[in-house]
Amino acid sequence: LVPGAIEAAAREHARCASTGHPRLWALAQSRARATLERLLRSGKLYPFVGMRPAAAEERFGPDLELPAALPGERPIFFRGTLDRIDRGPAGTGVLDYKSSKRRERARAEVLVTDFQLPLYLLALKARGEQSPFQAGWLSLRTQEFLPLDADRTGPLETFLATDAATRGSAT
């Protein structure tokens, strides 16, 4: 199953974009196959209970707005790409794949210098996706899953608030 999936994905990518030197392209496919096989064996393919992969590489923005809420602020507009969206009866999850970030570094950076997952959750909310929302990083190297959890953020409704009253009370 894995070799066939990698071959199909490689053909589709080659149809839409340049793949570079043939030997390097073959090496990239080999690495992708090995990574996917490790991920399948790890049991971490479905990190969100009650959800399954539903979309990948979904773009959002440039109209995703974080409105001005506090004095002196101006609205900020975002665009980006969600690595993976999972859906199910348990809600909607967004998974960000990391190829080198270690768990300790991710924990230290969340909400200090790495605002990717909160932004992705805002994108899900803006798209009208089904709540409750979950998010996390998945290391493709170590297969470690690091969820964005309420211990770090407080209640997600407050954490993701874009209105002045809620944002002001959270500071």
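Which residue has its charged end over the ring of Y46? R52 does, 3.9 Å from the ring centre. A charge sits over a ring if NZ of Lys or CZ of Arg is within 6 Å of the ring centre and within 35 degrees of the ring normal.

This is a predicted model, where local features need pLDDT of at least 70, side-chain atom pairs count only at pLDDT 80 or more, and totals for chains, interfaces and linings use all residues. Residues are numbered from 1 along each chain as its sequence is written, and side-chain values use heavy atoms, with hydrogens and water left out.

Now to ring against ring. The whole structure holds two aromatic pairs. Rings of Phe, Tyr and Trp (its six-membered ring) pair if their centres lie within 6.5 Å; planes under 30 degrees apart count as stacked, over 60 as edge-to-face and the rest as tilted.

Take F48 and F145. Their ring centres are 5.6 Å apart and their planes meet at 85°, so this pair is edge-to-face. It links distant parts of the chain, 97 residues apart. F48 lies in the loop between helix 2 (22-42) and strand 1 (52-66), while F145 belongs to strand 5 (residues 145-147). Helices (H or I, at least four residues) and strands (E, at least two) are DSSP runs, numbered from the N terminus. F48 is buried at 2% relative accessibility. F145 is buried at 15%. Buried means under 20% relative accessible area, exposed over 50%, partly exposed in between (1.4 Å probe, protein chains only).

Then come F60 and Y120. Centres 6.0 Å apart and planes at 75° make this pair edge-to-face. F60 is in strand 1 and Y120 in helix 4 (residues 116-126), 60 residues apart. F60 is buried at 7%, and Y120 is buried at 6%.
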